[in-house]
2 protein chains.
Amino acid sequence: MTNIAILGFGVVGSGVAKLITDNKNEVAKLGGDEINIKYILDLRDFPDSPFADKVIHNYDKIVNDPEISVVVEVMGGSHPAYEYTVAALKAGKSVITSNKEVVANFGDEFLALAKECGVCYRFEASVGGGIPVISPIISCIKHNKVSEVRGILNGTTNYILTQMFTYGQSFESALKDAQKKGYAESNPDADILGTDACRKIAILTALVSEKLAPVSDIHTEGITKIRDNDVSAANKIGATIKLVGRGIIKNGKPMAMVAPFIVPTDMPLSQVSGVYNAVEVVAEPLGNVMFYGQGAGAGATASAVVSDLMQIMTTGTAYPAPVFEKCGDFASFDNFSCKRYLALSKSDVEAVLKTLIENSDVIYDGEDEVQLITSEMTEAELTKMLGDTKPLSHIRML
Amino acid sequence: MTNIAILGFGVVGSGVAKLITDNKNEVAKLGGDEINIKYILDLRDFPDSPFADKVIHNYDKIVNDPEISVVVEVMGGSHPAYEYTVAALKAGKSVITSNKEVVANFGDEFLALAKECGVCYRFEASVGGGIPVISPIISCIKHNKVSEVRGILNGTTNYILTQMFTYGQSFESALKDAQKKGYAESNPDADILGTDACRKIAILTALVSEKLAPVSDIHTEGITKIRDNDVSAANKIGATIKLVGRGIIKNGKPMAMVAPFIVPTDMPLSQVSGVYNAVEVVAEPLGNVMFYGQGAGAGATASAVVSDLMQIMTTGTAYPAPVFEKCGDFASFDNFSCKRYLALSKSDVEAVLKTLIENSDVIYDGEDEVQLITSEMTEAELTKMLGDTKPLSHIRML
């Protein structure tokens, strides 16, 4: 009998309890042992839940119980998740989390502490919801030379962009629609400003480069500035716009970013619609592989949490653990080079940006604005070329 | 130092040797030990290869060498791969293979023998080339209730179908094109008749149902009967045609098949183009996840072989091994129920098939033929309804 404790009885916590109960046989067979949910920690009581009698309010009871071998932290937020995780690891308990914020901020520390204490720290559910991503990267891809990991990491923004492209909705109207359907929070900032995707790309980049960037160092743009005109322009060139997190490793140095990218429709990421997520890895000699599925939701996320539990129960610390080192040694975003879509006001173009125009493909030249695709250039080169001119839109090309 | 032997120095075997050599550091770090390719068994000599001095012609040398802990069987074909695998397992050596034929025919026997001998038998590369499929299904998905595993499992046929849909090529011309590009063999039967995909769906179905069907029991259709008219019809209804392998588990009973399916363009499988492969799993509570990438090629396949090696070196027999039981207890294909696209000659329709027409959506009614989408019906019901009439085309709908 493997005794576990679940910290937080919200959407994910109750999903985990339900999966372990509903799929009791599958889980016991695969894990090689029965699982007993001994405690559920929450501030609230749940008198009507079938798990009502497991609910406690005092974390010490869990840390001090030698029968508990695995703690499932699905509370979200940095604190007290940080303190609870440290206490559990120090008490010799493995920790599983779905909490991308705490992994992106303290993953390096937890992994080192887990190693020191001879236990596991695992976080499959922190990226891509139920999609197996972290485990396959570690156990099936990392022996390749990985040059990039990238993905559509946030279902809310992908839903909004899909609505804008498929139904011609404006950003505002698509956002309202997402809120009505429960895909976006009433305060949608963490999604639409790219914060959520930023944490996830921090984790993925660390996984393949072994270097964890402070999230504040990662260039992060949301989707709030995408105009209807940009949607038309992308459509015109046979492309779509996606919020893409990218971790690029070049000459051993990683660079991470989150920004809207113009994605040609023949690239697999362009086909990821609605609330779905996908993670693509580019590696040598493997080539490109992509993992696709539901990036959120109780059942999907619970599946990822329980997969970590299965692996801890069977292979434990023998399974290669990721190694992160908190590290400022990332390549500067100024050096990021790509083709770019620019929309410029007609007067700017005529007055000052003739050279830029001459080296670009003009895809639209209208009364008010000019839209063009530049040749490949770095962020620094673009800034220099634009001078004081503010483009109406600037979207990088994948 | 982990000593291995490679059986067969063709495309995959040389890819494995190259990967282990080129990515020496990555491999040693992840596997926790350096790898030494001690022997390469082949009928031929390779005097110009950097691995020339490893090449031997006598398998006994490998089986009798106690230093060899892992045998990589990448010869293809059932014999002598079968005998070599049995001998290696009995000698206490783990075996890794990319050989779908031998896994589909004898996987149950090898897995049981490996368990008995306390070693591993692994076959990630046998399905989906380099795409991590088998490992994520076992370690990240199987604790769910899996209702279906399906996929585009053969790159050659997918290339041909993509050419037919994208460029309006005929089947014959697309096949010639594939042969010219090296995607199809000069004798393409194993691909275009569905045999290759059949072996792979046998393996995937066994993985999730634990029951391995004799491949001869699996309903297998290739793509040779797809007409230009059918391509137009699929286009007209916003769909494409893919050769899909499906393993469906209903009430604990599996059913497996390979056949062309009409796939609506909003389903992720429809977007898998060219020589790419994809495997989709439908599970509860996880939902749908899809794995996408290169289904063949030296580098991709070698990556999958080496991922098995990494896992054997780290977690060994602690990693949950698949269990297959060779089993005739599959649901009958006669009971397979779906909507169907039928093309019928005008005279047949007018003479005898009025009831069928009345219960179908007619998508084309021309001078020579009528094309329709039937309501959902089983194979048996269709056969009964058609009587002696042979349809010009019959393609099932996904």
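Which domains does the domain assignment of chain A give?

A: This is a predicted model, in which local features need pLDDT of at least 70 and side-chain atom pairs count only at pLDDT 80 or more, while totals for chains, interfaces and linings use all residues. Residues are numbered from 1 along each chain as its sequence is written, and chains are lettered from A and ligands numbered from 1 in the order in which they are written.

The assignment for chain A gives domain 1 (2-130 + 300-324), domain 2 (134-293) and domain 3 (334-397); such bounds come from an automatic or database domain assignment. Between domain 2 of chain A and domain 3 of chain A, the C-alpha centres lie 23 Å apart. Here 14 residues of domain 2 of chain A are in contact with eleven residues of domain 3 of chain A, contact being counted if the C-beta atoms of two residues, placed from the backbone, lie within 7 Å. On the domain 2 side, α11 (228-236) and β11 (253-264) of chain A each supply at least two residues. These labels stand for DSSP runs numbered from the N terminus: helices are H or I with at least four residues, and strands are E with at least two. The largest share of that side, six residues, comes from β11(A). By class, the side of domain 2 of chain A that touches domain 3 of chain A has nine nonpolar, one polar and four charged residues. In this count Ala, Val, Leu, Ile, Met, Phe, Trp, Tyr, Cys and Pro are nonpolar, Asp, Glu, Lys and Arg are charged, and the others, Gly among them, are polar.

Next comes the sheet. Six strands of chain A form an open sheet in the order β3-β2-β1-β4-β5-β6, with parallel pairing. The edges are β3 (55-56) and β6 (121-122) of chain A, each with a single partner strand, so one side of each is left without a neighbour in the sheet. Two strands are said to pair if DSSP finds at least two bridges between them. Strand β4 (residues 68-73) and strand β5 (residues 94-97) of chain A run parallel and are joined by four bridges. V71(A) has V95(A) in β5(A) as its bridge partner. Helix α1 (residues 11-22) of chain A packs on the sheet, where it touches β1 (2-7), β2 (35-41) and β4 of chain A, and its direction makes about 160° with that of β2(A). Axes are lines fitted to C-alpha atoms, for helices over the stretch in contact, and angles run from 0 to 180 degrees between N-to-C directions. α12(A) lies across β1, β4, β5 and β6 of chain A and runs at about 160° to β5(A).

α12(A) also takes part in the contact with chain B. In total, 42 residues of chain A are in contact with 43 residues of chain B. On the chain A side, α2 (24-31), α6 (134-141), β13 (287-294) and α12 (298-314) each supply at least two residues. The largest share, nine residues, comes from α12(A). This side of chain A has 22 nonpolar, 17 polar and three charged residues. β13(A) pairs with strand β13 (residues 287-294) of chain B in the antiparallel sense over five bridges. In that pair, G293(A) has V289(B) as its bridge partner.
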